[in-house]
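Here are a few exercises to work through with the model open beside you. Try each task before reading its solution.

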Amino acid sequence: MTNRRRFITLLGGAFGSSVLLSGCFGNPPGATDSSATPQAASPAAGNLETTTIKLGYIPILEAAPLVVGVEKGFFAKHGLKVELAKQASWPAARDNVVLGSSGGGIDGGQWQLPMPHMITEGVITDGKKVPMYVLAQLISQANGIAVSNSLKNDNLGVDLSSKVDVFKRFPQKEGRKFRAAHTYPNANQDMWIRYWLAAGGIDPDKDIELLTVPSTETLQGMRNGTMEAFSTGDPWPFRIVRDDIGYTAALTAQIWPDHPEEFLAVRADWVDKNPKAAVALVKGLIEAQQWADKQENRGEVAKLISSRAYFNTPVDVLEPALKGQYLLGADKKPENDPKKGPIYWMSDRGVISYPYKSLSLWFLVESLRWNMHPGKLTSINQARAIVNKVNREDIWRQAATELGLPAKDIPTTSSRGKETFFDGIIYDPENPQAYLNSLKIKR
Ligand code: CA
């Protein structure tokens, strides 16, 4: 076999032909798609059990590393053709992963937590258990709580302890409770707004009405005065501010700096059948996250995700949030701090891509706090057992090792240690019960 033929065979169709020709045979860069920077194939790239995977995503900044991985050739470099499928909603993503790609759905993708854990247990899939593995964290931070302009004078911020009356007097003043929305129950954005309210002394189940509403309907509701708050991922908070519908009361980066946000998780049967391809997927993702994390690349990240094929959202809506440029509070005070924006690879707490069990456990502990799955999730021990089964730190470590990352960037334990929230509450993964005991409002 000639070198050229062998090379094409090894790639197994993982590259588009123009990328193959321009990237590998010395054609001038002008011959390539200008948005793509083909990466040289890694030696292990031809060795995979499969060369394709179909991943779902939701068009919020959490998905950027997946788009970057595809568009900048990081997955292809490791022999994998990743097909990204935009999901209409979180329930659609959930239903599609139950189907699997063989059934016309998806093999995995981007998730709020603890969706993969609850899908594994059949808790949110009508009892149908579809085991999944969490392979990496996609992003930290970049979510926020937007509040309607109808509450401009109240100037709500991260600390609500002096604003309790705004919420509790709502029924007398408006004839109904304060209404807040998220896009999927019992996961990140529901948990962030609950944490924010409860820390200020507002019971999210009793003092307000907390609803699951699609983004566009929430915006409409905020515009016409039937809804007051929205807990969501960027760029939605930015869009609400730019369109003068409301203001950003709190960034999740303020509530819990460097917090776990969304994750890459894939069906366990896919990973078990394709262990090398799973490692290749994480290798591509890690390199995409490293690239996307560089502030000098954020403008290009905005361009890549803005396209019609992906978010179909103007660059000027995406770029400020990607750069940590926010307008905070009712007076829209400019904030320009990349450390409060999306973090894809490295924060002050170290590598964020690593799927720490301690961080995933928090979402299950918080599920217990609010009794989100009565009779289905009932103890910390059960929560630990689920996380131990679902989080595959070992695959991440293997990918990082094969990439030759420095040892300091490859965590060796399952715990990031104690976590501190803005109100001084501490979550110690060694003792989640102490965390639960320290919370005043809970079920
Ligand atoms: Ca999110």
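Predicted model: local features only at pLDDT ≥ 70, side-chain atom pairs only at ≥ 80, totals over all residues.

Residues are numbered from 1 along each chain as its sequence is written, and side-chain values use heavy atoms, with hydrogens and water left out.

**Exercise 1.** Describe how helix H14 and helix H19 pack.

Step 1: locate the helices. H14 covers residues 275-293 and H19 covers residues 393-402; helices (H or I, at least four residues) and strands (E, at least two) are DSSP runs, numbered from the N terminus.

Step 2: take the axes. They come within 8 Å and cross at roughly 65 degrees. Axes here are lines fitted to C-alpha atoms, for helices over the stretch in contact, with angles from 0 to 180 degrees between N-to-C directions.

Step 3: classify the angle. H14 and H19 are therefore roughly perpendicular to each other (under 35 degrees is roughly parallel, over 145 roughly antiparallel, 65 to 115 roughly perpendicular and the rest oblique).

Step 4: list the contact, meaning heavy atoms within 4.5 Å. H14 supplies Ala278, Val279, Val282, Lys283 and Ile286, and H19 supplies Ile395, Trp396, Gln398, Ala399, Ala400 and Glu402.

**Exercise 2.** Find the buried residues of H19 and what covers them.

Step 1: apply the cut-offs. Buried means under 20% relative accessible area, exposed over 50%, and partly exposed in between (1.4 Å probe, protein chains only). In H19 the buried residues are Glu393, Ile395, Trp396, Ala399 and Ala400.

Step 2: check their direction. They span an arc of only 160 degrees around the axis, so they sit on the same side of H19; the arc is that of the directions from the helix axis to the C-beta atoms.

Step 3: look at the cover. It includes strand S4 (132-137), helix H13 (268-273), H14, strand S14 (350-351) and helix H17 (357-369).

**Exercise 3.** Which residues does tryptophan 236 contact, beyond its neighbours within four places in sequence?

Step 1: Tryptophan 236 belongs to helix H11 (residues 236-242), and its 14% relative accessibility makes it count as buried.

Step 2: collect the partners. They are Ile60, Ser215, Thr216, Leu219 and Phe230.

Step 3: compare sequence with space. Tryptophan 236 and serine 215 are 21 residues apart in sequence, and their C-alpha atoms are 7.9 Å apart.

**Exercise 4.** Is glutamate 228 buried or exposed?

Step 1: Glutamate 228 is in the loop between helix H10 (215-223) and strand S8 (229-233).

Step 2: read the accessibility. At 2%, glutamate 228 counts as buried.

Step 3: inspect the surroundings. Leaving aside neighbours within four places in sequence, the contacts of glutamate 228 include Arg176, Arg179, Phe170 and Met222.
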